[in-house]
Amino acid sequence: MKQEMTTYLKTIGITEHYLKRAREVYDFYSDFVGEDILDIFVCEYLDQEGARHYESLWLFTQNYIMEAKSFLTRDDFDVAPIKKRIVFYAITKENYDFKKADDKSRMSVDMMLQYQFTCVFKASKENCDYLREILLKHIKTNI
């Protein structure tokens, strides 16, 4: 796993124990698809008490989008082609100016690929900035 990916995971609160699990998922996908993984994103949200809950780990290559659902506790892997396959996406944001996130920032992106494969990305706090980068780099360019 690239150093900037490890830094990202630590930035959003992934502990050392769960970093090991994220690396295992990364290695599985890297071997399975045989392409360089360009970016990762953790879908997460904050509950009413402010605790962060991590849902899935998304990985992006030049040609594929991959989701490891409930990646901290189980092996449940999806792979779909992404290159020019996005037919729709919608952005919902709260307390986020699309420039710099703060502790109140929230954002979600709903996306549909051809053949009605849907993806939902959720982010809170500083993770909104990472979701913005995923949106600009991998989603907007493949519609």
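Trainee: How many salt bridges does a search of the whole structure find?

Mentor: The search finds 14 salt bridges, a salt bridge being a side-chain nitrogen of Lys or Arg within 4 Å of a carboxyl oxygen of Asp or Glu. This is a predicted model, in which local features need pLDDT of at least 70 and side-chain atom pairs count only at pLDDT 80 or more, while totals for chains, interfaces and linings use all residues. Residues are numbered from 1 along each chain as its sequence is written, and side-chain values use heavy atoms, with hydrogens and water left out.

Trainee: Which residue forms a salt bridge with Arg52?

Mentor: Glu44 does, and the closest N and O atoms are 3.0 Å apart.

Trainee: Is Glu44 buried or exposed?

Mentor: Glu44 is buried, at a relative accessible area of 0%. Arg52 also counts as buried, at 19% relative accessibility. The term buried means under 20% relative accessible area, exposed means over 50%, and partly exposed lies in between (1.4 Å probe, protein chains only).

Trainee: What about Asp76 and Arg74?

Mentor: Their side chains meet in a salt bridge of 3.3 Å, N to O. Asp76 is partly exposed, with a relative accessible area of 24%, and Arg74 is partly exposed at 41%.

Trainee: Where do Asp129 and Arg132 lie?

Mentor: Both lie in helix H3, 3 residues apart, which is about one turn of the helix. Helices (H or I, at least four residues) and strands (E, at least two) are DSSP runs, numbered from the N terminus. The side chains of Asp129 and Arg132 form a salt bridge at 3.3 Å, N to O, and both residues are buried. Elsewhere, salt bridges that share partners join Lys20, Arg21, Glu24 and Asp75 into one network.

Trainee: Changing topic, which residues line the largest pocket?

Mentor: The lining includes Glu4, Tyr8, Asp39, Tyr130 and His138. The volume of this pocket is about 200 Å³. On a 1 Å grid over the protein atoms alone, a pocket is an open set of points where a 1.4 Å probe fits, with protein on both sides within 12 Å along at least five of seven lines; lining residues have an atom within 4 Å of a point. The volume is the space filled by probe spheres set on the points, which are joined across faces, edges and corners.

Trainee: Which element gives the most to that lining?

Mentor: H3 does, with 5 residues. Helix H1 (3-11), strand S1 (39-46) and helix H3 (127-139) each supply at least two lining residues.

Trainee: How many disulfides does the structure hold?

Mentor: It holds 0 disulfides, a disulfide being a pair of cysteine sulfur atoms within 2.5 Å. For Cys119, the nearest cysteine sulfur is that of Cys43, 10 Å away. Cys119 is buried, with a relative accessible area of 1%. Cys128 is likewise in no disulfide, with the sulfur of Cys43 nearest at 11 Å, and Cys128 is buried at 0%.

Trainee: Which residues make the nonpolar surface patch of about 270 Å²?

Mentor: Phe28, Phe32 and Val79 make that patch. Patches are made of residues with over 30% relative accessible area and no salt bridge, nonpolar side chains (Val, Leu, Ile, Met, Phe, Trp, Tyr) being joined within 5 Å and like charges within 9 Å. Accessible areas come from the Shrake-Rupley method with a 1.4 Å probe, and for residues only the protein chains shown count as cover.

Trainee: Where is Phe32 found?

Mentor: Phe32 is in helix H2 (residues 16-33), and Phe32 is exposed, with a relative accessible area of 55%.
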